[in-house]
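Here are a few exercises to work through with the model open in your viewer. Try each task before you read its solution.

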Amino acid sequence: RLSFGFVMIMMLLITSCRSSFEPVATIDVAKDSHLSCEDRYNAVVSSYGEWDMVSMPFQLWLELPEEKCISGRATMFRDENVQLSFRAMGMEVVYLYLSEDSVIAIDKINKLYIAEPLSEIVGATGITIGNIQDLLLGQAFKIGGERLTSSMRPQFELYADSANWSLMPMRNNASMRYDLKFYNADVLESLNILIADNEFGFEYSIPTKVDAAG
């Protein structure tokens, strides 16, 4: 039961999404290489707007265990829930609902209903529903905390390498370490989490414009 819910979440969070939309313009790489870490951090936090609800289409490409493309729509209420509707052949085939305390997956094709506590899925990471929303939007955050803000700057160490840069919490959990990497000044590239000897990676493609409503 647990593995089904875990796979459904990982399908969306780990695999890369591809789109026919044009990439969103980002700061020029050559110019960005001269920006300080502070400038890059400020560029990130200043690019995030406030929102209460958002609804947008997505296209999921699953590479393993077999290649498969699934389209759907994501609807999110800030810090409350995430609703993912997977569609195929013009109808909803899977519905996934995540809230602060639970994960519900409904497989309409195989007539399966799965419910698990969110804590069983995220385990020792301490990832919150707000963190999952930020992951889906490609926005940087502190695990177990909030999305990045200017006041949170002292909580992170910053590292720069040409146009690429990364940040890491000043005080990592003894059993967990993680870092967020960016390309250009304000585009999240990856989140890497190391728990004991297990490493989890979340990677992003170039941001794309989609028909979202909020």
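**Exercise 1. Work out whether D134 is buried or exposed, and which residue its side chain meets in a salt bridge.**

Step 1. D134 has 1% relative accessibility, so D134 counts as buried (buried is under 20% relative accessible area, exposed over 50%, partly exposed in between, with a 1.4 Å probe and protein chains only).

Step 2. Its side chain meets that of R78 in a salt bridge, 3.0 Å from N to O. The term means a side-chain nitrogen of Lys or Arg within 4 Å of a carboxyl oxygen of Asp or Glu.

Step 3. Now place the partners: R78 sits in the loop between β2 (68-77) and β3 (81-88), while D134 belongs to helix α5 (residues 129-137), so this pair links distant parts of the chain, 56 residues apart. Helices (H or I, at least four residues) and strands (E, at least two) are DSSP runs, numbered from the N terminus.

Before going on, some ground rules: this is a predicted model, where local features need pLDDT of at least 70 and side-chain atom pairs count only at pLDDT 80 or more, but totals for chains, interfaces and linings use all residues. Numbering starts from 1 along each chain as its sequence is written, and side-chain values use heavy atoms, with hydrogens and water left out.

**Exercise 2. Find which residues are linked with R78 in a network of salt bridges.**

Step 1. R78 is buried, at 19% relative accessible area.

Step 2. Besides D134, R78 also bridges to D79, where the closest N and O atoms are 4.0 Å apart. D79 is partly exposed, at 38%.

Step 3. Put together, R78, D79 and D134 form a linked network. A search of the whole structure gives 5 salt bridges.

**Exercise 3. Say where K108 and E92 lie, given that their side chains meet in a salt bridge.**

Step 1. The N to O distance is 2.5 Å.

Step 2. K108 is in the loop between β5 (102-107) and β6 (112-117), and E92 is in strand β4 (residues 91-99), so the pair ties together parts 16 residues apart in sequence.

Step 3. K108 is partly exposed at 44%, and E92 is partly exposed at 21%.

**Exercise 4. Describe how β7 and β8 pair.**

Step 1. Strands β7 (residues 156-161) and β8 (residues 164-169) run antiparallel over 6 bridges; pairing requires at least two DSSP bridges.

Step 2. A160 stands opposite W165 in β8.

Step 3. The two strands make a hairpin with 2 residues between them, and S162 in the turn has a positive phi of about 55°.
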